[in-house]
Structures are given as C-alpha cells and as structure tokens.
Amino acid sequence: MSKIIGICNLHNEPHLGEITKNRPLAALSFLGRYGIIDFTLSNFSNSHIDKVYVLVRKGIVGIRKHIGSGAIYTNNTKTGSIELLINEKGLSNKPFNTDINNLRSVINEQDDLDYDYAVIAPTHFLSSMDFRPIVKQHIESGAAITSIYTHVSDANREYINCRKYKIENGIVKESTRNVGRTNEADISLETYIISKKTLRKIIADSQKVSELYSINDMVNYMINESILEVNAYEFKGYVIPILSMEDYINHSLDLLNYHVRSKLFLPDWPIYTTTHNTAPALYGKDAEVQNSFIANGAIIKGKVTNSIISRDVVIEKNASVNNSIIFTKTLIGKEAKLDHVLCDKNVKIVHAKRLVGTSEDVIVISQGANI
Amino acid sequence: MASRNKVVAMILAGGKGTRLESLTKKTAKPAVSFAAKYRIIDFPLSNCANTGINVVGVLMQYESTELDSYIGNGEKWGLNGVHCLMSTLAPRQTEQGANWYKGTADAITQNIDFLDNADPEYVVILSGDHIYKTSYTDMINLHEQTGADVTISVIEVDPSEASRFGIMVVNEKDEIINFQEKPKNPISNLASMGVYVFTWKTLRKYLLADDKDPNSEHDFGKNIIPNLLKDKKKLQAYRFKGYWRDVGTLKSLHEANMDIALDKKELNLYDGDMSNRIYTEDVYSVPQYVGKKGSITRSIANQGAIILGNVDSSVISTGVTIESDAKVTRCVVMENSIIKKGARVHNAIIAPNSVIEENSEINVNGDEVVLINTAKK
C-alpha cells in the first residue's frame, strides 16, 4: 500500500483586504462556525489521509490556535498528525517565502518527508472532495502529476486570474491565466497528486528556473514547456472559490439557500472544526429571525434577516441586522440598524445607529472597533 | 484547598431512572439529553473539571455501554491530562464472585481497590443526574477546616416540599445533629443534595462495616449517614446557594429545560465565565438555520437544527427539523427529531429520533407534560 500524505498549501492565498490583513485566509471565519482551512483538512481526513503537513506562509499563531493539536481532524492520533511547516528564513525575505522554499528548508534541515505520493491542496477553493478515487487513478495512470480542475460556465465573472487549462485526451496541454474572455472554461483548483520523485524534481529544477516560483508556477511551466505530462482530473462536485472579499461575502450568503448548502455539505462528509464549549443559541421574547445562520453561544434579542451570526455574538433588543455577516464576540447594541455590513470580531456597535451598505459596496468594520 | 490529587470524585450513575419512562428505555438517566446540547452527566463532570479534581470514577450499572462510550477517557471534560484518571466502573467479576451493585454505598465498596490505588484524603460522592453549576472547592475547604468526617451539601427547600427529601437538622455551627429520610413531619427545611465530601479513612471503615451488615440496604442516605450520626461522628452541613435541580421525573426535566429556554438566569450558561463552563460532546454540524417563514422566540437551539416553522418557549436540540407551518410551544425536542408540516405540539418532551406526523395535534391544551417517543430503538 502506498503512503499518501496531505500537503495543505497556504502560500498562495489570495488577499481579501481588511479581513485578511491580520490573519491568514485559512483562519478566516466561515458561516459563523468554521475556519476556511477546515474544508481542506476535513477532505484529507475523510479521504483517510492521516498524515498532513500545512505549509504556512504567515500568521502561524492564528493557524495553530484554530487547528490546535490537529486531533479533531485526525483519525488515529498516534499514527496520524497535522504538522505546521514554516520556512523561518523566508519570513524575513518575503519574495522568497514560497511553498517550494518552505519544502526545501524542511528537506535541508530535517529529513525529507516520508511518503510515496502527496496530495497538495490550497484552502481557497471550498469543496467536499474525496481524494481516494483521484489518487487511485493517478497511481494507475503512471503520470508524473495529476492536476484537479473544475469546469465552469461563468469564467467571465468568476475565477478571474486563476489558471485556465487546455485539455486534450485527459492531458493538460496548456495553462493560461483566465482573463474572463469566455464563459466556459476548465479552471485549475491548484490541487495536485504527485509522487515523491516528481515533487523532488520540481523542488530541484525550480532553482534553475526561478527562485521565486511556487509549485503552481512550476507545474504551469512544466505543462507549457512540455517537460512533464500532467493528467487532468475533472472534479464534478460543487466548488466555492474564495478569491476576493466579494466572493467571500456573496458565497457565504448564497449558502443560506438550502439547495446551495446541500451541494457543499454532503451526508457522510463531515466538516470538522474546533469546539469552543459554547452554550446553545438563546432567543429572547422579541427575537425575529429569518433566513439566517445562528451559531452557538449567540444571544438574539433583536431582528436578524438574511445574515450569518457567529459564536458569542449579542444582538440587542430593537437592533436589526440584514444581509450581513457578524464575526465572533461582536455586540450589536440596541436600536442599531445594519444592512450589508461585515463586522469583524470583537466589534461593539453602540453609538452608531445606522450602517447601510449595498450588495456591491459592503461596509466592513475592523476587528475590535467600537462605534 | 487540599492538593488536587488528595481529592477523588465518585459519580453515582447506575440508576435506571424509571420515572423518566421510555427516555431511559435504552439510555442510562445520566446520559439523557439536556438543554439542546448537553447530557445530564456533563454537569457533575464539568463541575469536577472546573474544581480541579483530576481523578474521577463513574459508577454505572443500568445500560452502561452507551454511557461508558460517551464518557470514554474523559477528554470531553479535559479529564484526560497527565495527572488525570477517568474511570468508568461497572460491576465485575472478582475473587468474591460476581455481584450487581446492591445500593449506592455498595457501589463504592465494590470499588475500594480503585480508591485505595488513588489513595485520596477526601472522596467526593456525587450524583450523575443533578443539574447545577458549581465548584466544590468551598465545600472541600469547609470540610478540611472543620475536620469533619463527612460534609453534606444542603439546600433550603420550601417546607411543603421537604417531605420529598432527606432532611438535615443542624446546630448553630451547622453541624448535623439529626436526620430524617423523607419525613411526614419535617422539622427543618435543609434538604440533602446527595453531594458528600468524606474523609476517606472514615468512609472506608464504615463501608467495610456496612458490607458485613445483613440488614443494610447499602445506601448512603439510609445506612452510612445514620450510622455515622449514631456513632457521634462529625457531620458538617455545607449550605449550597444557587440553582440545583434533581431531574429525575419528566416534569422536573421539562421544568429545568424551560428555566434555560426562558432565560431565568438562575443557571446561567451565558455569563461568559470561562472558568465555569459546562463541557460536552461536540457534533460536526452546520450552524442552526432559521428559514424565511420560520420564527423562534424565548428558546434555545443547538447547531444542526433547522427551523422552518414556529417555535416559542422551547428547547431545540442538535439535528432537529421543525418543518414549515409546524407550531412548537413549551417543548423539549431532543436530538434528531422531526416535527412535520403543520403539526402542533405543546408542553411535551419529544424523545430523540422521534417523528411527529404532518398536521398532528399533540397535547395542544394540555397542562401536564407528555412524553412522545416514536423512535424505533
């Protein structure tokens, strides 16, 4: 039986502006309960990949805080583990802080990781993905790399700047940047199945090609220069790209719709996350809640519509929250009216009475603000 | 407080809980669900964890398998640390033969080896079916300061209810001088909560003596405490202040759930006090969702619940679905139950995994709490 490891790659996370200023995207709250990284780690776990390495670029404290010992995602806590890898030299030398240099520093400083095949996946494409059939097909095919992609019909709006594949007979022939010229496109999910030998080759070759290249860059280079044969595997499940603040807000609120939700959350495919021992949500006598997610520990005494309310949030009497996302431990004071607002955590809205944005222009309140 | 490893807690969790009817048909009473998210035994176990008691034995007998696997290694309450020992103690075969636990005291006697190994100075005896949030530190400190042989936690009850309890009569120093078990004419309003701190040496002696007594019922309330009193041992009362409920009946279980749903704040789960939280099993479900035509007021609900109908004054547990146009009032809906379209349910406990059929009416004008259990098991 081959040894399969998971590599959760946080090096190429997109920036979402204010909400990822002080935290990595992987640790960003999602649906009031999850962290973005939970999806990839749960996909590994549910695919029975129990040895997982997280390539951290920045914000290791936030990641460590969210995943804890990793036991919540791990099947057997003796044979399995989640290890955070960071390239300490890279921290002071940002352009060189790449996933390849991170792996190289591990190989140089310790031993190389022990595996036959690695599944490398980022966190900014949310899905419920079973890697087992993909790994099986990869091993049988004997290809150097299998790259997982999704076919989309809205590439003119979504997945801008992602890699667009040209595929012939199951082989990726060309990888270009999606600039939104067509609606139909095969978009790379930056998720690869790769043998140890090939990954070592990529790490070694990158020194000759460019010290600044990431694994994605190297794979694209190898495709376009026909250096390696890269298999294409179409993932037919639901994918939510989190590439911008707009993506994050709109796709979060889309999940209020049951039909959308049931495409992401599949039966027998739990998404694991850390527990905070909070009490159930409490609703007061004047609570009015419609079409919203309410996380545990929330206290709702006012009105909430089309919104996502996280753990330990308090919505006071006569407050109203519409089309908004409220992060952990935020207080929405009496009489406050919020529409199209994203409140980061530990915010207190006590003086402001009206915060009204639009679906195109959501008001973002920074962490800890007191307004 | 005494050094933490000097104190061992023993939780009595073996009873059948007959008065909870079919809720305990396949489940031990301490494993019955409570307040949308918890199980009853989470409360004494969390109290132990928050007190800093590291060694805990849970005595089980009736339907012990489910309770045993729920308790596991104590990880849910943090009782799996390097200085911790969490042990589930069911009756077993020994050199002396195989015996069921004959009473609360006998359950401890049969596990004397466990306690001898832990070698505590004090043993805290707790009940697995009480709802309260506390630290036992003050009580243990009082026990240590007074040098008592046993300290009994007491709570003031309404005189009209005193005959339901074991009643303690105390002197000016709160030393117990007399004891009445469920008296017709109570002479005090201090009820025993069934929470004891014993000096282990004394308790050990009395347990061994009780074991040899052919007329004994091997019960703490009926035998051990009266024997200590007879021998003029030092029995100290500890006055407990705060919320405490024995949830042994459907009515009291329903009431205690309502206390939390209606936010009476006597048992405050929302005080933000991080040193006094109640820990429990976590489930991997999405946050609760309230639908476009749903409503929920004066209630608590746990993650995984889907509320498309109308809910008031109720407890909605994990994975429960309230379908559209259903109306649920004063109900405790336990995990994974479904209330179908248009159903009306009032003043009821809905057992786990039950289904209330479309448009059915249950107890709509009823004053008495009813139990509905349609689950297969």
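Predicted model: local features only at pLDDT ≥ 70, side-chain atom pairs only at ≥ 80, totals over all residues.
Now let's zoom out to the domains. Chain B is divided into domain 1, residues 4–261, and domain 2, residues 289–372. The C-alpha centres of these two domains of chain B lie 34 Å apart. Where they touch, domain 1 of chain B gives 15 residues and domain 2 of chain B gives 20. Which element supplies the largest share of the domain 1 side? That is helix α8 of chain B, residues 250–261, with eight residues. By class, this side of domain 1 has eight nonpolar, four polar and three charged residues.

On to how the two chains meet. Chain A brings 27 residues to the contact, and chain B brings 27 as well. On the chain A side, the elements giving two or more residues are β14 (281–283), β15 (288–290) and β16 (292–294). That side of chain A has 16 nonpolar, eight polar and three charged residues.

Here's a part I enjoy: strand β16 of chain A pairs with strand β16 of chain B, residues 288–290, in the antiparallel sense over three bridges. If you want a spot to look at, A:F293 stands opposite B:Y289.

That pairing belongs to an open sheet of 10 strands with mixed pairing, in the order β28(A)-β25(A)-β22(A)-β19(A)-β16(A)-β16(B)-β19(B)-β22(B)-β24(B)-β26(B). Why is one side of each edge strand left without a neighbour? At the edges stand β28 (363–365) of chain A and β26 (355–356) of chain B, and each has a single partner strand, so one side of each has no neighbour in the sheet. Within chain A, β22 (residues 325–326) and β25 (residues 341–343) run parallel, joined by two bridges. In β25 of chain A, A:L342 is the bridge partner of A:I325.

Finally, a word on confidence. The mean pLDDT of chain B is 93, with 98% of its residues at 70 or more. For the complex, the predictor gives an ipTM of 0.89 and a pTM of 0.92.

Terms used:
Residues numbered from 1 in each chain as written. Chains lettered and ligands numbered in written order. Pairing = 2+ DSSP bridges. Helix = DSSP H or I, 4+ residues; strand = E, 2+ residues; numbered from the N terminus. Domains from an automatic or database assignment. Contact = placed C-beta atoms within 7 Å. Nonpolar A, V, L, I, M, F, W, Y, C, P; charged D, E, K, R; others polar. pLDDT = per-residue confidence, 0-100.
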